[in-house]
Amino acid sequence: MADAQIILSYSRNQGIIAIASGEKYASAGKALVESGFQRGEAGVYRLPTEDPDVSRATVAGLVRRAETHGATVTTSSQRFIGDVADDIARLLPGPWEAQVELYSHPVWQGDLVPWLWDSGELARAVQSERIPYAATLTLTEGTSETTLLLAERPGHQLNYLVGAFSPSPFEEGYGDPHAPASIVLPPFPGRAAQVIAERYLPAFDRALHARRTTAVSEALDHIRTEHRTWTAMVASGRYSDATPLSFDALGTATAQFLGTAWGEFLTVADHAPALLARCRPTVTPWPEDAEALAQLASALTDAEAVREDLACGTPLAPAERNARTWPAVETWLTYGESFLRQARAAIPPPRPALTASAPPRALPTAWPAPRR
């Protein structure tokens with residue numbers, strides 16, 4: 001691929017769209033500006049097409065100007081990615097916001113890799129194929145956990161790929177075994193929105209539920225391990241290497257254990273509330289877990305109050321902090337297994353159904369192609 005490349009596509013609302021790409025994308029950008037293209041949001045260049053003759057002459061001039069800057073000009077067989085994303089966003093259930101993203105320099109594309117939460121074709125394509133642009137679709141309702149990435153499918157003239165970024169409060173998603181697999185979308189917005197709503201988003205929700213459950217389980221396991229070590233130390237009065245434990249050292253070891261336990265418990269506090277909200281013990285083989293879940297929810301409320309005080313800078317003496325945090329941790333150690341079996345039996349609630357459908361939209365009519 002050329003060091004400087006200009007990719008032309010058509011937008012029904014903006015006219016001819018141009019995107020500068022390559023390691024020397026700035027040179028391609030200069031050719032566009034000198035030819036009469038206007039640089040807009042996110043670095044996308046546009047050329048209005050009110051007068052076809054003028055547009056045709058401008059594009060022809062762009063080809064000559066690009067040569068002087070060492071850039072090549074190619075035309076895309078697909079509609080402008082921004083139009084595609086906007087159409088899908090309008091049809092998906094709930095308020096979605098579409099935004100074009102450019103990865104003009106190949107290095108920028110690599111920045112996507114750690115954050116993509118995908119076990120399918122999209123993640124592989126981002127790592128092995130050149131993707132100079134894409135679009136994000138973000139659910140803007142409430143505390144959104146869903147941001148999708150929409151890209152043209154490399155090697156195919158019409159299809160698209162859609163996957164997801166790692167949801168908050170998780171960080172990077174690369175290599176996560178729970179990651180959902182991206183799917184192939186048809187070129188028609190109504191059908192594409194239907195596939196996302198009926199296939200991809202439910203799979204995303206199930207994967208997120210499993211990832212949250214695993215995070216809580218691992219945090220509780222770490223706390224249990226530290227608790228067993230601390231309990232054995234207190235009972236024996238010695239370190240693990242049999243060295244006698246002084247009174248001051250015991251206090252220090254206890255403080256260290258509680259500090260470690262609290263750090264792990266924050267993971268529980270981050271993910272357990274959403275899982276608890278989905279638990280329905282009366283429809284499981286363990287209806288007696290209802291009381292345990294109530295105590296776990298109450299413990300989370302107490303822990304959240306401590307976290308808010310600490311976040312606001314409220315001074316808490318170590319003894320007070322330990323007295324407020326340990327009961328919550330202890331409750332979760334006691335009833336954690338009841339929670340985990342209920343969380344694993346629970347299912348994410350369905351998202352709103354697709355309420356509108358658009359008929360398949362034909363590809364746009366031919367637009368002025370570059371010619372010498």
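This is a predicted model: local features need pLDDT of at least 70, side-chain atom pairs count only at pLDDT 80 or more; totals for chains, interfaces and linings use all residues.
1. On the H8 side, the residues in contact include Leu293, Leu296, Leu300 and Val306, while on the H9 side they include Ala328, Trp332, Tyr335 and Phe339. Charged residues also take part, among them Asp289 and Asp309 in H8 and Arg321, Arg324 and Arg341 in H9. Taken by type, the residues of this contact divide into 13 nonpolar, 5 polar and 5 charged.

2. Side chains of opposite charge can pair when their charged atoms come close. Over the whole structure, a search finds 16 salt bridges, and the points below look at some of them.

3. In helix H2, which spans residues 52-68, Arg56 and Asp53 are joined by a salt bridge, with a distance of 3.4 Å from N to O. Asp53 is exposed, with a relative accessible area of 56%, whereas Arg56 is partly exposed at 27%.

4. Helix H3, residues 81-91, holds Asp87 and Arg90, which are likewise 3 residues apart and therefore separated by about one helical turn. Their side chains meet in a salt bridge with an N to O distance of 2.4 Å. Are these two partners buried or exposed? Asp87 counts as buried because its relative accessibility is 4%, which is under the 20% limit, while Arg90, at 56% relative accessibility, counts as exposed.

5. A further salt bridge links Asp205 with Arg351, and here the closest N and O atoms are 2.7 Å apart. Asp205 belongs to helix H6, residues 189-236, and Arg351 to the segment after H9, so this pair ties together parts that are 146 residues apart in sequence. Asp205 is buried, with a relative accessible area of 11%, and Arg351 is partly exposed at 26% relative accessibility.

6. Some salt bridges share partners, and in this way Arg12, Arg79, Asp87 and Arg90 are joined into one network.

Definitions and conventions:
Residues are numbered from 1 along each chain as its sequence is written. Side-chain values use heavy atoms; hydrogens and water are left out. Contact means heavy atoms within 4.5 Å. Helices (H or I, at least four residues) and strands (E, at least two) are DSSP runs, numbered from the N terminus. A salt bridge is a side-chain nitrogen of Lys or Arg within 4 Å of a carboxyl oxygen of Asp or Glu. Buried means under 20% relative accessible area, exposed over 50%, partly exposed in between (1.4 Å probe, protein chains only).
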